[in-house]
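Subject: Structure handover

Hello,

Here is the structure I promised to pass on. Please have it open while you read the notes below.

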Amino acid sequence: KIYPLARKLYNVLLYFAQRQGQDELIYRAHLRDLVRVVDFNSNNTEVIKNHLRQLVTTKVEWQSPTTGEGARWSVSALISHCDLVIRGGELIIEWSYAPNIKLQLLDPQRYARISLVYQAALRTMAGLVLYEICTRYVDNPGGVTARQPWQWWRPVLTGAPDSTVDTYHEYKYFKRDVLKPAIAEINAVTNLDVELVEHRQGRAVVDIQFRVRQKEQPALPMQHLMPL
């Protein structure tokens, strides 16, 4: 299970790493800058350490969608290592990425840009993840995300593998406790308007997707935009 603060920390580490470039072996940032961007209002570094441990110990598998030559399966941790060191009276965080995913992660041209300002304002895992996903589709001509069975969205939005989830076996509860609060949070505090789209077979909802549009607002400064 991934928790919201760990996901926010991962995004901000990636932001700093992308700015430092692909040639670095180890990335560095002031811890105070990291916690400021994720809006963590505490001096308790043990909380941060616990979430950094989660990033180092959480394994991710992925497989190339192509077939034949070039097909690839890989596994790595979200980050390879993390150190907290004191230099010049300042607490510095150092981290690295596994070589089998590093170049893809650090190429910002591959990804949509999320706002770190809006990320910091989101408090729920489902709201944070759905905001990231919907950002990819806001410029899509159709203005809708991919259509998937509602069960597909369950581990994605809760941050917990289906094998560990004992709740939300019925769509109506998943909609009530996860989907509706996430949509309400995104619409309240971010630059996006999100709407649930349900696809039915008979009376049962089988697939869902989300309609996305950008609110009319002044553009954010570029330093608040993060490639993801």
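What percentage of the 228 residues in the protein chain do buried residues make up? Buried residues come to 42% of them. Buried means under 20% relative accessible area, exposed means over 50%, and partly exposed lies in between, with a 1.4 Å probe and protein chains only.

Some ground rules. This is a predicted model, where local features need pLDDT of at least 70, side-chain atom pairs count only at pLDDT 80 or more, and totals for chains, interfaces and linings use all residues. Residues are numbered from 1 along each chain as its sequence is written, and side-chain values use heavy atoms, with hydrogens and water left out.

Overall picture

The protein chain has eight helices and ten strands. These are DSSP runs numbered from the N terminus: helices are H or I with at least four residues, strands are E with at least two. The chain exposes about 12,600 Å², and carbon and sulfur atoms supply 51% of that. The areas come from the Shrake-Rupley method with a 1.4 Å probe; for residues, only the protein chains shown count as cover.

Take the contacts between residues at least 6 apart in sequence. Of these, 61% join residues at least 24 apart. Contact means heavy atoms within 4.5 Å.

The largest nonpolar core has 61 residues. Such a core is a set of buried Ala, Val, Leu, Ile, Met, Phe, Trp, Tyr and Cys residues joined through side-chain atoms within 4.5 Å. Trp95, Tyr97, Leu130 and Phe210 touch the most other members. Helix H1 (residues 4–20) gives the most to this core, with ten residues.

Trp95 deserves a look. Leaving aside neighbours within four places in sequence, its contacts include Leu13, Phe16, Ala17, Leu25, Ile26 and Tyr27. Ile79, His81 and Cys82 are also among them.

Why is H1 largely enclosed by the rest of the structure? Because 13 of its 17 residues are buried. The end C-alpha atoms of H1 are 25 Å apart, which agrees with the 24 Å its 17 residues should span at 1.5 Å a residue. The expected span is 1.5 Å times one less than the number of residues. Just after H1, Gly21 takes a positive phi of about 105 degrees.

H6 is mostly covered, with eleven of its 13 residues buried. Among them are Met125, Leu128, Leu130, Tyr131 and Glu132. H6 reaches 19 Å from its first C-alpha to its last, close to the expected 18 Å.

Helix H8 (residues 171–189) has 19 residues. Its first and last C-alpha atoms are 26 Å apart, close to the expected 27 Å. Where is the kink in H8? It lies at Leu179, shortly before the proline Pro181, and is about 30 degrees. That bend is the angle between axes fitted to the seven residues ending there and the seven starting there.

The buried residues of H8 include Tyr171, Phe174, Val178, Leu179 and Glu185. The buried residues of H8 pack against helices H5 (116–121), H6 (125–137) and H7 (150–158), and against strands E8 (192–201) and E9 (204–214).

Individual residues

His199 is found in strand E8. Is it buried or exposed? His199 is buried, with a relative accessible area of 18%. Its side chain makes a polar contact of 2.8 Å with the side chain of Gln209. Another, of 3.4 Å, joins the side chains of His199 and Arg147. A polar contact is a pair of N or O atoms within 3.5 Å; within protein, one must be able to donate a hydrogen and the other to accept it, and residues adjacent in sequence count only if both atoms are side-chain atoms.

Glu90 is in strand E5 (residues 90–96). Glu90 is partly exposed, at 28% relative accessible area. Not counting residues up to four places away in sequence, Glu90 touches His30, Arg32 and Val85. Glu90 and Arg32 are 58 residues apart in sequence and 8.6 Å apart in space, C-alpha to C-alpha.

Asp39 sits in the loop between helix H2 (31–37) and helix H3 (45–57). Asp39 has a positive phi of about 60 degrees although it is not a glycine. Most residues other than glycine have a negative phi. At 30% relative accessibility, Asp39 counts as partly exposed.

Best wishes
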